[in-house]
There are 2 protein chains.
Amino acid sequence: MFVGCTHVAPPIRIGDKWTGKIIRCLETGPRRFSELQIPLAGITPKVLTETLRAMERDGLVTRTVYAEIPPRVEYELTPLGRTLLKPMAACCEWTEAHLPNLLDAREAYEHRASDPLQPAQPHKP
Amino acid sequence: MFVGCTHVAPPIRIGDKWTGKIIRCLETGPRRFSELQIPLAGITPKVLTETLRAMERDGLVTRTVYAEIPPRVEYELTPLGRTLLKPMAACCEWTEAHLPNLLDAREAYEHRASDPLQPAQPHKP
DNA sequence: CTGTATCCTCGCCGATACTG
DNA sequence: CAGTATCGGCGAGGATACAG
């Protein structure tokens with residue numbers, strides 16, 4: 001699904017593990033299959049193919065095959081895919097600005113939960 | 001994870017199924033547990049509790065218990081939680097503007113795949 | 001009303017090996 | 001190089017029942 005989408009809940013692959021990163025990798029231009037594997041450290045060819053196929057299906061990327069040997073395939077963001085860069089930038093800005101706060105809150109919460117002297121509202125006394 | 005976050009991959013519950021919707025439900029003010037169940041059609045109490053606990057842990061919502069009978073519990077966005085409204089709005093705008101395009105692309109792709117006369121690049125002839 | 005406690009399903013994702 | 005084919009784990013999330 002697409003994060004923040006309240007009223008519809010279609011199976012749009014944006015909240016999955018890789019789509020967002022792939023979009024950013026393609027931001028500056030077309031990339032080959034093996035080029036994408038580098039920044040997406042650890043992704044298996046199977047999963048990369050699955051994700052790219054889904055993005056192609058949704059009109060977010062184009063897949064261009066060059067009749068060469070060895071074979072070369074390039075993936076590129078479509079205009080529609082490029083429209084996703086804006087909301088994704090907003091999300092990245094949020095992360096840069098507020099992720100430390102969130103992590104602090106999380107740590108404070110853990111301390112509260114494990115501190116027997118100052119338990120705020122322990123649900124497991 | 002938080003969608004669009006390339007460089008970090010922390011377990012932030014925003015790309016999950018319900019967190020985004022809950023944030024929007026709390027946008028206009030505090031809501032009770034049972035009030036949240038209405039717009040989040042079909043969510044089970046177990047999952048709603050899990051999601052709210054995770055959000056509380058991350059400092060996105062506060063949980064206030066009123067010593068009444070019957071019991072009343074209200075959830076409200078924290079200032080940190082409210083900072084998420086901006087990127088989420090950007091995401092919602094994208095969906096309103098471009099989701100139809102994506103759905104059209106998907107339908108066109110399916111037709112190409114199933115049409116034996118005009119196969120663009122069938123991977124399964 | 002506001003949760004807990006179990007059990008279970010389903011599909012994302014990874015590991016590995018193989019192919020044109 | 002750019003995939004496909006299989007197998008399998010694991011965890012999010014749902015169904016159901018029960019409790020304070």
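Predicted model: local features only at pLDDT ≥ 70, side-chain atom pairs only at ≥ 80, totals over all residues.
Which atom of DNA strand C is 2.6 Å from an N or O atom in the side chain of B:S34? It is a phosphate oxygen.

## Surroundings of DNA strand C

DNA strand C is surrounded by 22 residues, of which the closest are A:K17, A:K46, B:S34, B:R53 and B:R63.

Helix 3 of chain B gives the most, 4 residues. Sorted by class, the surface near DNA strand C holds 10 charged, 9 nonpolar and 3 polar residues.

## Surroundings of DNA strand D

Around DNA strand D there are 22 residues, and the closest are A:S34, A:R63, A:Y75, B:K17 and B:K46. Sugar and phosphate make up 67% of the atoms of DNA strand D that lie within 4 Å of the protein. An N or O atom in the side chain of B:K17 is 2.3 Å from a phosphate oxygen of DNA strand D, and a polar backbone atom of A:V73 is 3.3 Å from a phosphate oxygen of DNA strand D. At A:P71, a backbone N or O atom lies 3.2 Å from a sugar or linking oxygen of DNA strand D.

At least two residues each come from helix 2 (33–37), helix 3 and strand 3 (72–77) of chain A, and from helix 3 of chain B. The largest share belongs to helix 3 of chain A, with 4 residues. The class count for the surface near DNA strand D is 10 charged, 9 nonpolar and 3 polar.

## Strand 3 of chain B

With strand 1 (residues 31–32) of chain B the pairing is antiparallel and spans 2 bridges; here B:R32 stands opposite B:E74. With strand 2 (residues 61–66) of chain B, strand 3 also runs antiparallel, and 6 bridges join them. In that pairing B:T62 faces B:E76.

A hairpin of 5 residues links strand 2 of chain B to strand 3 of chain B. Strand 3 of chain B is mostly covered, since 5 of its 6 residues are buried.

## Cysteines

How many disulfides are there over all chains? The count is 0. B:C25 is in no disulfide, and the nearest cysteine sulfur, that of B:C92, is 11 Å away, whereas a disulfide requires the sulfur atoms to be within 2.5 Å.

Both of these cysteines are classed as buried because their relative accessible areas are under 20%: the value is 15% for B:C25 and 9% for B:C92.

Conventions
Residues numbered from 1 in each chain as written. Chains lettered and ligands numbered in written order. Heavy atoms only, no water. Near = heavy atom within 4 Å. Polar contact = N/O pair within 3.5 Å; in protein donor to acceptor, adjacent residues only side chain to side chain. Nonpolar A, V, L, I, M, F, W, Y, C, P; charged D, E, K, R; others polar. Buried < 20%, exposed > 50% of the residue type's maximum accessible area, 1.4 Å probe, protein only. Pairing = 2+ DSSP bridges.
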